[in-house]
Amino acid sequence: MEFLAALKQKAALVDAALDKYLPTSDDYPGLIHEVMRYSVMAGGKRLRPVLTLAAAEAVGGKPELVIPAACAMELIHTYSLVHDDLPAMDNDDYRRGKLTSHKVYGEAMAVLAGDALLTLAFQLLADAGPGQVPPERLIRVVAEVAAGAGTRGLIGGQVVDTLAAGAAMDDATLEYIHRHKTGALYRVAVRSGAILAGTGARELASLTQYAEQLGLAFQIVDDILDVVGDEGKIGKPVGSDEKNSKLTYPSLYGLAAARARAKEAGDLALASLDGLGAGADFLRDMVAFVLDRDF
C-alpha cells in the first residue's frame, strides 16, 4: 500500500479508537470532557500512535493489540501541547489551525484538560490487551512511558527549553532539548508497540535507535518550518520560536546546516532498520515523510 494511504488508514484507526475512549460531554462534568475532545480531535498527524502500530507490525505483532497504547501516546502528546500553549509557557493562540484550548475554554480548563488527558493515557496503558498481552509486558510499558513523559524525558526537555530561552546558545543544550522534549515520546511510542508485540532484544535496540533519530529529525524539521513554513499548512503562526527566544537548530546553525543535520538523523534512522525485514518498510517510508513534510 502506498505510504500516504497507509498513514491515513492507520491514523483513521487511531481516531476511531480515540473517539471511543474519550468521555463525551454527556458525562458529568461535561465541560472538562468537551475540552479534552476539543484538544484531541482538533486534528494532527497522529505520528506517535501510528508509530506504535507500525513498530508492532515491524516485529510481526498485531496492531489491534496495541491500539490502546497507541492512543495513550496521542493523549500524552496532546496534553503536552495544551500545556505548552498556555500563557505561562509559549503563549500560543493557534494549534492545528484552531484556537488553542485556553483561548476557547480559559486557562483553568486547559490546565485541567491536560491533566485529565495524561491521566487517561495511563488508564489506557493499564488496560491494554487484557488477556492477550502478558502482564509483565504491560508493566514494562507503563514504566517506560512514565519515564519518557517525566523529568528524564518530555518534562525534562520542556524545563530546559524554558530555561534556555534567551540564554547563550550551545549545542549540548539544544541536543538535550530535542532528544527529550520531542524525542522521548517518539522513543516510547516505538518501544511500546514493539514490547507489547513481544519483540526480542536485538530488534528492540534497532527500533530504539530508529525512534531516537526519527524524533530528532522531526524536531529539526519543525524548527525549520517555524522559520520558512506556510502558516496555513502548519496550523499555527510561524516565527513563534524567535518570538519566544527559543534555542533551535536554525537559530544556532542556520537553515542550510539545520537541513543537513535533519538528513543526517534521517539516514541514521534508516540504517538502524537494516536488520529488519519488509515488515519495517512503513517505518522506512516514514523517514522520507518526516524529512520532506511541509506541515
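Predicted model: local features only at pLDDT ≥ 70, side-chain atom pairs only at ≥ 80, totals over all residues.
A pocket, as I use the word today, is an open set of grid points where a 1.4 Å probe fits, with protein on both sides within 12 Å along at least five of seven lines.

The largest pocket first. About 910 Å³ of space lies in it. Its lining has 42 residues, and those closest to the centre are Leu81, Arg95, Phe218, Asp222 and Lys236. Which elements give two or more residues to this lining? They are α3 (47-58), α4 (67-84), α8 (154-164), α9 (171-196), α10 (201-228), α11 (231-234) and α12 (240-243). The most comes from α10, which gives six residues.

Next, the second largest pocket, with about 230 Å³ of space. Residues lining the second largest pocket include Glu144, Arg152, Arg179, His180, Arg187 and Glu212. Here α7 (135-149) and α9 are the elements that give two or more residues. The largest share is from α9, at six residues. By class, this lining has five charged, four polar and three nonpolar residues.

Now the packing around α10. Two packed helices are described by the angle between their axes and the distance between the axes.

Take α3 against α10. Their axes are 13 Å apart, and the packing angle is about 160 degrees. Angles over 145 degrees count as roughly antiparallel, so α3 and α10 are roughly antiparallel to each other. The crossing of α3 past α10 is right-handed. On the α3 side the contact is made by Leu47, Arg48, Leu51 and Ala55, and on the α10 side by Leu207, Tyr210, Leu214 and Phe218. That contact has seven nonpolar residues, one charged and no polar.

The other partner is helix α15, residues 281-292. How do α10 and α15 cross, and within what distance do their axes come? The axes come within 9 Å and cross at roughly 15 degrees. That makes α10 roughly parallel to α15. In this case the crossing is left-handed. From α10 the contact uses Leu207, Tyr210, Leu214, Ala217, Phe218 and Val221; from α15 it uses Leu283, Met286, Val287, Val290 and Leu291. The class count is eleven nonpolar, with no polar and no charged residues.

Key: Residues numbered from 1 in each chain as written. Heavy atoms only, no water. 1 Å grid on protein atoms, 1.4 Å probe; cavity = no way out; pocket = protein on both sides within 12 Å on 5 of 7 lines; lining within 4 Å. Points joined across faces, edges and corners; volume = space filled by probe spheres on them. Helix = DSSP H or I, 4+ residues; strand = E, 2+ residues; numbered from the N terminus. Nonpolar A, V, L, I, M, F, W, Y, C, P; charged D, E, K, R; others polar. Axes fitted to C-alpha atoms, helices over the stretch in contact; angles between N-to-C directions. Parallel < 35°, antiparallel > 145°, perpendicular 65-115°, else oblique. Left-handed = near helix turned anticlockwise from the far one by under 90°. Contact = heavy atoms within 4.5 Å.
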